[in-house]
Amino acid sequence: MSDRAVNNIYDAIYNENYRLALTLSNKALKKFHNDPAINAMKSLALVKLYRYDEAEELARSVMETKPVDETILQALNLTLKDLEKYDEIAELFKNAFDSDQTNEEYANQYYMALTKTNNFELQKQTALKLNKLFSNSVVNRKGKYFCWAIMSLILQSRYQNDCPKAIINKLSEQMVLKAIEKEFITDYEGLFMYLTILMDQDRNKEALDILNGELGSKCIKIETERNRLNIELNRKTKQWNKLIEICKAIIENNDHDNFNCFYNIIDALFILLEENVLAIDYLNNEDFINVYDWIKKIQNEELKNGMNKIKRAPFIAEIELEKRIIEMTGFAMEKHKNIFINYIKNFGDKYCCFEDLLPYLDMLNSDELLNSFKSELNSLIKTNDLTVNDIQRNINIEKIFFYIGYDINNEEDVKNYVKKLISLYEDTLPFGTKLEDTERQFGDDYLVLAVSLLIDYYKSTKKTCYVYEAIAILERGLEKSKFNFQFKIILMRLYSILGDVFRTNDLSGSLNLRSIQFDTLSFLYTEGMDSLYISQIPLHIYNLYLSIYKSNRIETPDVITQAYKNETYSKIIEILEFYNRLNNSIQQILYHQQIIRIETTQVFNTIDKINNYLTSINDKYIDITDEYLAKCTDNRDYKVFANWKNEEINLEQKIRCRPMKNTLWIQLFGLIPKILKYITLKDVITVKADVEKLENLFNKNNLDTELLPSEIANGKIIYEFGKFVIEANNSKETKELGACTSFTNILNIFKEKINSINNINHSINITFDIIEQCTSVLEAINYIVLFVHYASNVSPNRKSRNLPWVVNIQDKKTQFVDEIQKLLKTFKNYLVELSTLINSNKNNGNKCIKEIFGSDEAMIDSLMNENSKLLSKVFDNCQESWRVSFDNIVKEIEIKMKLL
């Protein structure tokens, strides 16, 4: 081995010049033939160039030499890590350790490799072996390896379903007691393991005694950790009086803004009341009086600090207390209204005021109280000599009015109220002239309220003019508040309703989402992108966002190994929970399936190309089992939208361009490519099993909660295709009787799709629904082309071509193709006319907006300044996206017509 050659290759890899590293490796191998170190470096260069198969093959060949050289080990470790071959990494370091069991460094590397495999039993055995071999080492002088074994048992009990939990829990407890005896447990991390073992067995009282006993006092130096555990364990052991006492002590120790403690006190109080007191007698209960008086005492202490320093938690606690009283007694009183008014007087100038009160506004459950509350709210609105604080209080009051309900009876009332809100927004603009670009204008929420109302009336009237107006208002607001998150996420959804991919994509890029946000927030704008046939944008997004799941699989295990090294055992479970939630994310499988859906259409230029693509699809993304779905986690953050109205259907749900994709969608778009794949592979047994699953899926009652009618129809085409394949492989009698019904059924489904589109008038008023239906026809044609190709080759051999059942199928197929071609010509004519209409209106936004608004044209010039200009710009943005969508669909239809 040449150290110089290896160093040169390493330097090239370090500088991310992987092609140079590969070149240097090949050059060195000519001189140092089959050198393990150079081959290890070459495998690393290959994996960085995404040549995974070559990298793995080369790495395995080096592993066969059972290397012990550190350079080789680390190069192979990095290669196998990128390949996510954690069992092989463990094998690599096991071989090194086996070659010299006195080498503690190899031993540590082997154990750390095991922590990435989730083989908890082997982890435990290895940790105990290390503890025995290196009992007197400096690293292990405080029983580090013994504690590793205890932690491995805890994880095995939690995460390994097929293990004998009772035996493992008993063993882990015996080991932790031995660790205490040997004084290995001396800090919080060690105590955490002991408490976890007990709490996992619901032995919470014992855990509580240990926490507050001699061992707990010895191990816990940070009081906040003790407090957190005390609260958790007192709740679990239902020691309500003790919980109240602990939480009071925490709050009185200069922590008046501890919302969690206040809520725990109130929870505990009302559990005690429900157990021992009739609702009518609560005012005479000593516990209640003590808590109520204590909250008032904390409030008075805060009021002495002055309004600028006052903490909100004690005042929210009073409202929470009164809410529980109303839940017990069933009626509200004048004082409840007064509590709200006082809170608004004290905290109305804080942005959080409305959100603070939101869970409680339903407390005022009588018209008399509500009307009185509205009257007093009006008196708090300031209109002259405004300050920034007055603006915020006015906005919070406006939100409260919006939540409890305005008297709006018709569309004219809507327009007037929207105009008022825009006017209020414009009045606040002079106060924001010196704000930084990253800051929001003080009156931005007025625009969100106005848009929320327009969206309500769009949903009830189906007039897209309200969507355009809402977009124009938010685009106007975005000019002043370039980083307003609410504006952007609402705009993305509204542009999606109009079928505009380009502006949606621009806005999504401006959000600057990072890491976990790809999983939690990307659904805001990706849900309908795969249906608009501008393929490159969604493909780029889906593939980019999938990178976080690979990063999770590669980087999170390293964080776990670091926790073992640092003996921060409390972090390991937390990290594993995060890892599993992200690894099992429903959004991850949606990305993969949406990519498959788009790519299936993209490669559909020839039958051979599509067949090659279908057979290459990884079953992991299409073989969706009930067990898999049960493990899936939905990490999407649905609460990110402003929700300022008292309705069951919130703003996020109102502005979806399609039903939210969930397990039913995943099942359907797993079965569709899977059935096509196994038809191509001629695996009729698998096809039959999946056709049965598809039939069961269609028998479910709630399909329309996740699936569009067009998607269900396309699924039924696949069902008929699969049924045809099964019948064509059955007996002669079955073939003659049943095989041809699929032609009729598919034709009827397709005819219904075409008729549905033809019933839509040619208009410039384009929406997502129209483009989606056209894209779904394109998908249906793909499936029909495959169906026809299969039917054309249904004869087992040349001799059977003239058999009656074969001739019958070919006759039916010929008639079927003729009918499909006629329908396709009709569809193409529709597309060409619509595409011509769209192209002819380029840069003609003013005229088209007037057409879209129709009888509501007066709204164009009456709501706000430059409204007409903004609306025209919105239309022009959409027009470009529509043009590309329909041009792409027309080109694809022409290709498919030639394939039939």
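Predicted model: local features only at pLDDT ≥ 70, side-chain atom pairs only at ≥ 80, totals over all residues.

Biologist: How is the packing of two helices described?

Modeller: Two packed helices are described by the angle between their axes and the distance between the axes. Axes are lines fitted to C-alpha atoms, for helices over the stretch in contact, and angles run from 0 to 180 degrees between N-to-C directions. Helices (H or I, at least four residues) and strands (E, at least two) are DSSP runs, numbered from the N terminus. Here, α38 (residues 709-728) packs against α40 (residues 741-758) at about 170°, with axes 9 Å apart.

Biologist: Which relative direction does that give α38 and α40?

Modeller: The angle makes α38 roughly antiparallel to α40; angles under 35 degrees count as roughly parallel, over 145 as roughly antiparallel, 65 to 115 as roughly perpendicular and the rest as oblique. Residues in contact (heavy atoms within 4.5 Å) include I717, F721 and F724 of α38 and F743, I746 and I749 of α40. By class, this contact has seven nonpolar, five polar and five charged residues. Ala, Val, Leu, Ile, Met, Phe, Trp, Tyr, Cys and Pro count as nonpolar, Asp, Glu, Lys and Arg as charged, and the others, Gly among them, as polar.

Biologist: How do α40 and α41 pack?

Modeller: Their angle is about 160° and their axes are 11 Å apart, which makes α40 roughly antiparallel to α41. Among the residues in contact are F750 and I754 of α40 and V777 and I781 of α41. The classes are twelve nonpolar, four polar and one charged.

Biologist: What is a nonpolar core, and which residues touch the most other members of the largest one?

Modeller: A nonpolar core is a set of buried Ala, Val, Leu, Ile, Met, Phe, Trp, Tyr and Cys residues joined through side-chain atoms within 4.5 Å. Of 203 residues in the largest core, those touching the most other members include F373, F750 and F886. Helix α41 (residues 768-792) gives the largest share, 16 residues. A second, separate core of 92 residues includes V6 and M151.

Biologist: Is I326 buried or exposed?

Modeller: I326, in helix α18 (residues 313-329), is buried at 9% relative accessible area. Buried means under 20%, exposed over 50%, and partly exposed in between (1.4 Å probe, protein chains only).

Terms used. Residues numbered from 1 in each chain as written. Heavy atoms only, no water.
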